[in-house]
Amino acid sequence: MNWKRAAIASLFAIPVILLFAWGMTKDPKDIPSPLPGREAPTFTLNVFSPGQPPLQQSIGDTVKLASMRGEVVVLNFWASWCLACRDEHTTLSEVARTYAGKPVHFYGVLYNDEPANGTRWISEMGGQSYPSLQDPKARTAIDYGLYGVPETFFLDRNGRVAYKHTGPVSAEVLARVVDSLMAAPVGPVAPAVPAKAGG
Amino acid sequence: MIGTLARDALLVSLAVTAFGLVIGPVAIARGKREWIPLSYAAIYTNFLLLTIATLAMIFALVTHDFSVAYVAQVGSRATPLLYTVISLWGALEGSILFWGWVLAMYAAAVVWINHERPGNLVPYAGTALLAVSLFFTILLIGPANPFGVVYPVPPDGPGPNPLLQNHILMAIHPPLLYLGYVGMAVPYAFAVGAMLSGEVERDDWIRITRRWTLASWGFLSAAIIAGMWWSYEVLGWGGYWAWDPVENASFIPWLTATAFLHSAMVQERRQMLRLWNLNLVVGTFVLTILGTFLTRSGIISSVHAFTTGTIGYFFLAFIAVVLVSALIMVAGVSDRLKTVGHFDSPASRETIFLLNNLFLTAFMFTVLTGTLFPLVAEAVRGVKVSVGEPFFNRMSLPMIVALLFLMGVGPALPWKAASPAEVKNKLFPPAAGALVLGAIALAMGIRNFYGVLAFACTGYALVANLREFYIGAAARRNAHGEGWGTALSRLVAGNRRRYGGYVSHMGVFLVALGIAASSSLRTEREATLVAGQSINIAGRTARLKNVWGREEKQRSVIGVTLELMNGETVTGRIEPRMNFYPTSQQPVPTPEVKSFLFGDLYANLQAFQPQGKNATVKLIWEPLVPWIWLGGGVVILGALIGIWPNRRRSVA
Amino acid sequence: MRFLDVSRALVAVGLLAGVMAAQGAAPADPKQAGAISQEQIQKEGKSADERSALNLRTANDSALEAATTAVAAELRCPVCQGLSLQASPSELAQQMRGLVKDQLAAGKSPDEVKAYFVSKYGEWILLSPKPKGFNLMVYLLPILMVTGGGVFIWVMVRKWSAPRPDDANRTPVGPA
């Protein structure tokens, strides 16, 4: 039994095991998005669900991202067939209402679904405080690198994607991100990630 | 109650296995050989206990005993009996129980057959098998416990995953896979036994396990083909192989096992490649454990992944132990396995087997690197990358084609040395087969380089293998005056291993042609039809008759009936459907496949209008796909021939 | 009939069949069809916008389909397990495929289309890693194995079949 060779050979196992051990700490399903920090993809979409006052808009209204420059935008992609979207629905509606009158816009974007189904779902869920937009052929969803629903994008006042939240979003996250984005300064050299308050 | 009984059986098994694991080496070290049968008794007892546990689980499933955790997880009163029984291996805990049982069975059988052999080879092999069994029993007591108690007892369960009760192949693929995968532990255990007992210079460990290895290889081959067939019939995209990590996990050890089947023959004839064969056998087992780890740990996302939990850490520990011990043992004996033999000539079957091993190992390495690369790239670059079909196809096609060609050269060349005249006589004529099949490929419409090349190489190898049957039978006719049939059957019976191998080669040729044709010539048409409208594809017409629905015990079904038309006559019917299971929000598309001699008509229901007014159907024409399944059957037939006991000693 | 005669006959048949097949069976090369319509467009001397609209109408469908299939086969469906956009029946994959087709029809090159998707989904969306930098490892390692192994076998077989001192005593080799 050649122990010297055996000892050297056994060392080869170390990088393999380390790799696997490290791999156990990672989630293969969590794919980071390249969008945060970059200019938000522009869109021009139509309202199919009006929302409720004071955030209400008319059905058929066109919403352009460009026209919201200088304000914070929260874009939530959802679908009537999406179970997890039910978890965040009430939260989003309530939080959106608290920001009425402030320079923040909440919009839902329907993903891979019929507007009729979306409208029916909203009324089953007790209404939605902000308008929802339809996205034919999922072009905007693809533009935002959507993997599934629900996904929520937070756009800062410089028109950049500040943060992408995958899965149902909680009231704390909503409030924290929106507040910090509202407080961030507007300008050509403003940081793309939420900055400290008082800028 | 049945759950507690089973769990007690597993606890006893834990103690018994641990005891057997220790008593064997202790007996040898202390010279108390009379204790060795105690370790064998542990192996037999383990098999008995695991049989009790498995039967208990089947009983609990069939009687819908929802107090047992696993039954509560996968059982349902609505599920038909067959699918209830086979849900034994449908989810993680049950599959580990099944694994443990198969391993215990193999261990008991191989030890029983060989226990009278003198020496330490069998005792140490038993020790190795007990060690692996111990790991799985630990899993069954710990993270993969299927016998947990559920209280309060639910009245019903969700049933198995809808995808797993949609097709009968679910009854076949997993057992075949486990019989093959787990079976690789047997040659491994005997290799370990040879190393620990100091008998590694002798070939006994290979001789004893030859049939076990061939049987496991046969099961694994069948399992891979069955898995391809299942995914083809069930998943709705008309494909049969996606280079998904779990598919790769079953394919990788198959490649090294195939290499071993060939290089073992070189070792038996020339006493060479002994270290290489040891590496192959041990490596195959390590790769099976690696594959299990990859699919159960959650580190690589896969269509097959079981739910993850702490079991991944157990497998990580096990793979560390197996890998380190394997490296230590093989490196430790390596200097005793220096090459003693020699080759008579480079123009010989031995050289071809070396090349065969080269390409099979390189292929294995390619698939392994590709499967693990996303993990490595993330570790090194911090960026997630994908390694998918385009990569694997691009890198493996050259090697596959080379292997197909070698499959023609190997049988043609003799052992030891071939004279130049022989080389010419044996290697040139099969080129006719290459030309004919190449021409056929072009005539069929195949235009891509590798498609035509695959056909040509298959043609070459096909003629070469058929020639071996012809030459052998002709010689018998001349010598004994037998008829062709008798000559052929006596030829095969006189050397089952060799001719069984050639039969398996034929199976591979059928598979190769099926894959080459279907990937090059596949056509599809998708259309939304109302009743009376038709789609044309590959010279066939399918007309929509109606959209219908029906209720079954465990699911609702919406389907369409498409009538196959020849002019105005209806020649057949194809009915793709969608199965709606109560537990799943998305329906399971259930395609239907109609097989013809030269291809499959594959129909998938993509969408339908709720009022049944129209339906979107996708029809795919898949040339030669049935040949893949047929070829799989022929491969297994060849393995069976090779395993069948000879009436007299064979010279392969 | 001796086998060699049979095989000679087969070779002749094979060659003949091959020639016939090559003449008769080949479908029109889709790329060529596309080029013809480009010529037609240039002859009519339209502006860029109209030219692309004309592309959509007159470009041979099979050319665009073939190009779309080629690109879609290289992109990963984000909601499936490892399937390409081409193979996946899921709705998102079909929509992404539609976007690939529109972009190609509008004149973008396959590389530009792929770069667009990478900018939205990250490198993960490519089914074959970009052969640059560290990614080259996954391409090179197998190639090195085959060539390295091949050289190793070459050397070993020569060494193992080198004539031995007692070769003069060996019986001559013949068919086994």
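Predicted model: local features only at pLDDT ≥ 70, side-chain atom pairs only at ≥ 80, totals over all residues.
Please keep domains 2 and 3 in view for a moment. Where the two touch, domain 2 of chain B contributes six residues and domain 3 of chain B contributes 13 residues. On the domain 2 side of that contact in chain B, two residues are nonpolar, three are polar and one is charged.

Let us turn to the sheet in chain B. Four strands form an open sheet in the order 1-10-9-8, and their pairing is antiparallel. Which strands are the edge strands? They are strand 1 (523-530) and strand 8 (592-596) of chain B, each of which pairs on one side only. From one strand to the next, the twist averages 20°. Within this sheet of chain B, strand 9 (residues 599-608) and strand 10 (residues 614-623) pair in the antiparallel sense over nine bridges. If you wish to find this pairing on the screen, look for Ala607(B), which stands opposite Thr616(B) in strand 10 of chain B.

Next, I would draw your attention to helix 5 of chain B, residues 92-114. This helix of chain B has 23 residues and reaches 33 Å from its first C-alpha to its last, close to the 33 Å expected at 1.5 Å a residue. Is helix 5 of chain B largely enclosed or largely open? Of its 23 residues, 18 are buried, so helix 5 of chain B is largely enclosed by the rest of the structure.

We now come to the contact between chains. Chain B gives 23 residues to its contact with chain A, and chain A gives 25 residues. On the chain B side, helix 12 (311-333) and helix 13 (349-381) each supply at least two residues. The largest share of that side, eleven residues, comes from helix 12 of chain B. By class, the chain B side has 14 nonpolar, six polar and three charged residues.

Finally, consider one residue of chain C. Pro129(C) lies in the loop between helix 6 (110-121) and helix 7 (136-160) of chain C. Why does Pro129(C) count as buried? It counts as buried because it has 26 C-beta neighbours inside 10 Å, and the cut-off is 20 or more. Leaving aside residues up to four places away in sequence, Pro129(C) touches Val385(B) and Val387(B) as well as Asn135(C) and Val138(C). Leu144(C), by comparison, is 15 residues from Pro129(C) in sequence and 18 Å away in space, C-alpha to C-alpha.

Terms used. Residues numbered from 1 in each chain as written. Chains lettered and ligands numbered in written order. Contact = placed C-beta atoms within 7 Å. Nonpolar A, V, L, I, M, F, W, Y, C, P; charged D, E, K, R; others polar. Pairing = 2+ DSSP bridges. Axes fitted to C-alpha atoms, helices over the stretch in contact; angles between N-to-C directions. Expected span 1.5 Å × (residues − 1). Buried ≥ 20, exposed ≤ 12 C-beta atoms within 10 Å, placed from the backbone.
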